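Trainee: Here is the model. Before I use any of its labels, I would like to know what stands behind them.

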Amino acid sequence: MQVTEIYKSLQGESTHAGLPCVFVRLTGCNLRCSWCDSEFSFYGGHKMAVQEVLSEVMRLSPCEARISAHPGPLVEITGGEPMLQEREVVPLMERLLEAGYQVLLETSGERPLARVPEAVIKIVDVKCPHSGEPDTFAEENLESLQPHDELKFVLTDRTDYEFARDFIRRHELPARVHAILFSPAFAKEASGARDTSHCLLDPQELADWIVADNLPARLSLQIHKLIWDPAAKGV
Ligand code: SF4
């Protein structure tokens, strides 16, 4: 498979945020979101066999010593769009699960998700109108959601918020998944200050909307952009 980078950091934007996590970032994406912070993964990378990826994950985050009653170390498969490499990424996820890892898959839900192993926790980033890639989520993927999965909406303004709110109500998502994340989009060129001034939508405004609508969505900030320089890679 084509891999951009494998590194260890803290998980930054899900209900697992704050936990140590190995990221396997695959190369290539078929979307072009206006606020994308991973454009460096669109091209290049290097070829790695499933076994090579597994070995590197094990080197960065050994799994042997885990206490069996506890979930294993976290590994997130991300991109780009990992499901563009379904033929190799599905066996990789199976091998990681067999080895005892907790596996997260970050995907836009534009590609079919039916072959993702059930134990994998999918974090599905449904694109909102002002992402530049609206209507790309394949609604048949709703049938592949598991109760432990999470849906994420990256928001730039009120139009995006209302799309996300109406989407979760229309599809009764709170009953289908573990968490619904509303995340303010971050400015692509942001660097320097580690604060929310780079958010395209003020988190305080978003918080007020969620509370006013009594929405079962959780405000999610990209904590890695508040811990390290927002322009930093590999964190
Ligand atoms: S789907 Fe993800 S990687 Fe692809 S353009 Fe959108 S934000 Fe970037």
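This is a predicted model: local features need pLDDT of at least 70, side-chain atom pairs count only at pLDDT 80 or more; totals for chains, interfaces and linings use all residues.

Trainee: What makes S1 and S3 a pair?

Mentor: Two strands pair if DSSP finds at least two bridges between them. Strand S1 (residues 2–10) and S3 have two bridges, in the antiparallel sense, so they meet that criterion. Gln-2 also stands opposite Lys-47 in S3.

Trainee: Why is S3 called a strand?

Mentor: Strands are DSSP runs of E with at least two residues, and helices are runs of H or I with at least four, both numbered from the N terminus. S3 covers 46–47, so it qualifies as a strand.

Trainee: How do you know that S1 and S2 pair?

Mentor: They share seven bridges in the antiparallel sense, and the definition asks for at least two, so they pair. In S2, Phe-23 is the bridge partner of Tyr-7.

Trainee: What is the strand order of the sheet?

Mentor: The open sheet has nine strands in the order S3-S1-S2-S4-S5-S6-S7-S8-S9, with mixed pairing. Strand S3 and strand S9 (218–219) are the edge strands, because each pairs on one side only.

Methods. Residues are numbered from 1 along each chain as its sequence is written.
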